[in-house]
Amino acid sequence: MQALNGIDTKFFTCGICTKEFSQKVNLDRHYRTHTNEKPFSCDLCGKEFSDKSCLKRHYRTHTNEKPFSCDTCGKEFSDKSHLKVHFRVHTNEKPFSCDTCGKEFSIKSHLKVHFRTHTNEKPFSCDTCGKEFSDKSNLNRHSRSHTNEKPFSCDTCGKEFSNKSHLKEHIHTHTNEKPFSCDTCGKKFSTKTHLNRHFLTHTNEKPFSCDTCGKDFSNKSNLKAHFSTHSNEKPFSCVTCGKEFSRKNNLNRHFLTHANEESLSCDICNKEFSYKKNLNKHYRTHTME
């Protein structure tokens, strides 16, 4: 017994870790973290939960109910804690800081994931290939590379993506929005990836190197294309004649040889060309330019 505001309070202690609780219901909820017991299940999908409030929160993913809204921007949320976290984007509040480097975060889970960059801890591993990750969301994103699942689709053109951030960047191609700009030259880009790739043209940095010959590249996709010269892999094939290519741009160039586009024919003599530069060169034989 301990006195709390003049009232004797009985504490309930966990028999496993000795943590104390003022209410038995809280002890019972905590105890299930040790036993992994999940007595509450969803009637719609069967997913199980250790806590009734978690089931209630989950159920809103089926009903799409969002009872909590932001007073500043009106954005709605299914969970009160999500609203609380969201509100920090307006206040720029970052209450969680890293003890090692001092970096600040608005979300505690982001701090926890960040801290693993110091410890190099990777507790989440892929069941298919064994690759390890410091963050569960990165593991989930990676897992879709095995299943080819693409749950995020563009409302404008229907293109599907395995990653929500890729969908967000893709939408900029419809809106022509370029929110990422280079601090050095001011050039703007629709995706952060393109900005990062461009920035290497200023620093001349080439962080990607070939394990076989040591050649360095500023772009990971260029390294991947280069690697096919060692493996003789040709993953891109022409749907018309079946010819295979190691690089996609070589396939695109080849495909023009099959195309019969009027735009690539000479207006004067009707001679046809596969490449516009050849047509332009030919056209000067008429103009004597």
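A residue counts as buried when its relative accessible area is under 20%. Arg116 has a relative accessible area of 11%, so Arg116 is buried. The model shown here is predicted.

**Salt bridges**

- A search of the whole structure finds four salt bridges. Three of them are described below, including the pair formed by Asp51 and Arg29.

*Asp51 and Arg29*

- Asp51 and Arg29 form a salt bridge, and their closest N and O atoms are 3.2 Å apart.
- Is Asp51 buried or exposed? Its relative accessibility is 13%, so Asp51 counts as buried.
- Arg29 has 34% relative accessibility, so Arg29 counts as partly exposed.

*Asp79 and Arg57*

- Asp79 pairs with Arg57 in a salt bridge, with the closest N and O atoms 3.3 Å apart.
- This pair, too, links distant parts of the chain: the residues are 22 residues apart. Asp79 sits in the loop between β8 (76-77) and α3 (80-91), and Arg57 sits in helix α2.
- Asp79 is buried because its relative accessible area is 7%.
- Arg57 counts as partly exposed because its relative accessibility is 31%.

*Arg116 and Glu121*

- The side chains of Arg116 and Glu121 form a salt bridge, at 4.0 Å from N to O.
- Glu121 has 40% relative accessibility, so Glu121 counts as partly exposed.

**The surroundings of Arg116**

- Where is Arg116 placed? Arg116 is in helix α4 (residues 108-119).
- Which residues does Arg116 contact, leaving aside neighbours within four places in sequence? They are Glu121, Pro123, Phe124, Ser134 and Asp135.
- Glu121, in that list, is also the salt-bridge partner of Arg116.
- Arg116 and Thr285 are 169 residues apart in sequence. In space they are 66 Å apart, C-alpha to C-alpha.

- Which residues form the positive surface patch? Lys66, Lys75, Lys164 and Lys168 form it.
- Lys164, one of these lysines, is found in helix α6 (residues 164-175).
- Lys164 counts as exposed because its relative accessibility is 59%. The cut-off for exposed is over 50%.

**A buried serine**

- Ser190 is placed in the loop between β16 (188-189) and α7 (192-203).
- Ser190 has a relative accessible area of 14%, so Ser190 is buried.
- Residues up to four places away in sequence aside, Ser190 touches Glu169, His172, Glu177, Lys178, Pro179 and Phe180.

**Two asparagines with positive phi**

- Asn36 is not a glycine, yet its phi is positive, near 60°.
- Asn36 is found in the loop between α1 and β5 (40-41). Asn36 is exposed because its relative accessible area is 57%.
- Asn176 is not a glycine either, and its phi is positive at about 60°.
- Asn176 is found in the loop between α6 and β15 (180-181). Its relative accessible area is 60%, so Asn176 is exposed.

Note on methods: Residues numbered from 1 in each chain as written. Predicted model: local features only at pLDDT ≥ 70, side-chain atom pairs only at ≥ 80, totals over all residues. Heavy atoms only, no water. Patch = residues over 30% accessible without salt bridge, like charges linked within 9 Å, V, L, I, M, F, W, Y side chains within 5 Å. Areas by Shrake-Rupley, 256 points an atom, 1.4 Å probe, with all protein chains shown as cover. Lys, Arg positive; Asp, Glu negative; His and termini not counted. Charge placed at Lys NZ, Arg CZ, Asp CG, Glu CD. Helix = DSSP H or I, 4+ residues; strand = E, 2+ residues; numbered from the N terminus. Buried < 20%, exposed > 50% of the residue type's maximum accessible area, 1.4 Å probe, protein only. Contact = heavy atoms within 4.5 Å.
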